[in-house]
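Dear colleague,

Please find the structure below, handed over for your use. The findings follow directly after it.

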Amino acid sequence: MSADISTTAPPTAASGDPTLRVDSLWKIFGTGADKVIGSDDAGLSRKDLQAKTGCVMAVKDVSFEVAPGEVFVVMGLSGSGKSTLVRLLTRLIEPTAGTVSINGHEVTAANEAELRELRRKQVAMVFQNFGLLPHRTVRDNVAFGLEVRGVAKPERRSRAQEMVDLVGLSGYELSYPDQLSGGMQQRVGLARALAGDPEILLFDEPFSALDPLIRRDMQNEVIRLHHEVRKTMVFITHDLAEALKLGDRILIMRDGEIVQIGTPDEVVARPADDYVKDFVSDVPKSHVLTLRWVARPMREGERTDGPVLQADLVVRDAARQVLGIDGAARVFDGENFLGVVDDDDILRVVVAEEGARS
């Protein structure tokens, strides 16, 4: 696993009505799938259900909300149901039961015309397979969705050029896909998804086929773009380091079910079970844990003339301000005093991290 997880993800979106709401979503493949829900068979393991009924449980009673402007990461191993889940959100796969709502409009009740409008204007997807049209230039690939929507040629080309510039491909607008590297092709895919100004971007393991260095660059690109355009994003990955780097919150799946939902520091500090604990065992905790998890009560007579730090500061970054000072630093959550940290508290995290690696 890559240890490059230190890039700060964008802050969690402000509270309010969710952009995306998923309630009790199920997807079961097979004859009589709808009869499984509510029966004793629904409690069977995936293997036992298939042996008994011939049905395959892909997504089981999944519920979550995504706030406006949030980067929400869904992660799990192969077969966990994460890619099926992202396709259920726009009914590329029809759910067996449950509801999906975008900005209060129920996707699962939409007719075909409403679904087309949703997919054209409100939601865009970025896949691992770039899906670029080989006979079209970069700019025309980016403009393709606008062309389908009937946008006039001058307007769509102008918009496409803006997106080409935004994703760092200025000068390549007249190139063809086969003249570009994998990372550059994925940038074209990002530009195409952004061209229609969707409210939600859905990413289905878009970087898993890229070389590690290019993958890291593309992760940083997503973070940069999110800061600039503030789109709500749902990102599917099997890689924990990627999830920790990108996500405001992370949903971890296993066998179609939710195991845990939390911020990166919550998942690392308080894994829900042994499955998640194993996942995070190799994570460099000083890169992820915030002072919220390290702050302690002030001891009697303890000096607190160190710096004032915020609770969401990552331990590794706090170390630069705490190590070597006399006394302890005070930790606040906004205006609320949480406790203090000193160099021993910081080193305790680092030493535990080194011990876990050895």
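Predicted model: local features only at pLDDT ≥ 70, side-chain atom pairs only at ≥ 80, totals over all residues.

I begin with valine 350, which counts as partly exposed because its relative accessibility is 29% (buried means under 20% relative accessible area, exposed over 50%, and partly exposed in between, with a 1.4 Å probe and protein chains only). Valine 350 has its place in helix 13, residues 343-357 (helices, H or I with at least four residues, and strands, E with at least two, are DSSP runs numbered from the N terminus).

Residues are numbered from 1 along each chain as its sequence is written, and side-chain values use heavy atoms, with hydrogens and water left out.

Six strands form an open sheet of mixed pairing, in the order 6-7-8-3-9-10 (two strands pair if DSSP finds at least two bridges between them). Strand 6 and strand 10 (257-262) stand at its edges with a single partner strand each, so one side of each is left without a neighbour in the sheet. On average, neighbouring strands of this sheet are turned by 15° against each other, direction ignored (axes are lines fitted to C-alpha atoms, for helices over the stretch in contact, and angles run from 0 to 180 degrees between N-to-C directions).

Strand 6 pairs with strand 7 (residues 200-204) in the parallel sense over 5 bridges. The bridge partner of alanine 124 in strand 7 is leucine 201. Helix 7 packs on this sheet and touches strand 6 and strand 7, its direction making about 170° with that of strand 6 (contact means heavy atoms within 4.5 Å).

Another open sheet, also with mixed pairing, is formed by 3 strands in the order 11-12-13. Its edges are strand 11 (308-310) and strand 13 (336-341); each has a single partner strand, so one side of each is left without a neighbour in the sheet. Here neighbouring strands are turned by 35° against each other on average, direction ignored. Strand 12 (residues 329-333) pairs with strand 13 in the antiparallel sense over 5 bridges, and aspartate 333 stands opposite asparagine 336 in strand 13.

The largest pocket

The largest pocket has a volume of about 670 Å³ (a pocket, on a 1 Å grid over the protein atoms alone, is an open set of points where a 1.4 Å probe fits, with protein on both sides within 12 Å along at least five of seven lines; lining residues have an atom within 4 Å of a point). Its lining consists of 28 residues, and Arg119, Ala124, Met125, Gly145 and Arg192 lie nearest its centre. The elements that give two or more residues to this lining are helix 4 (112-122), strand 6 (123-127), helix 5 (138-148) and helix 7 (182-195). Helix 5 provides the largest share, 6 residues.

Backbone angles

Most residues other than glycine have a negative phi. Serine 24, in strand 1 (residues 20-29), has a positive phi of about 45° although it is not a glycine. Aspartate 197, in the loop between helix 7 and strand 7, likewise has a positive phi, of about 50°. Serine 24 counts as partly exposed at 36% relative accessibility, and aspartate 197 counts as partly exposed at 46%.

With kind regards

Conventions. Points joined across faces, edges and corners; volume = space filled by probe spheres on them.
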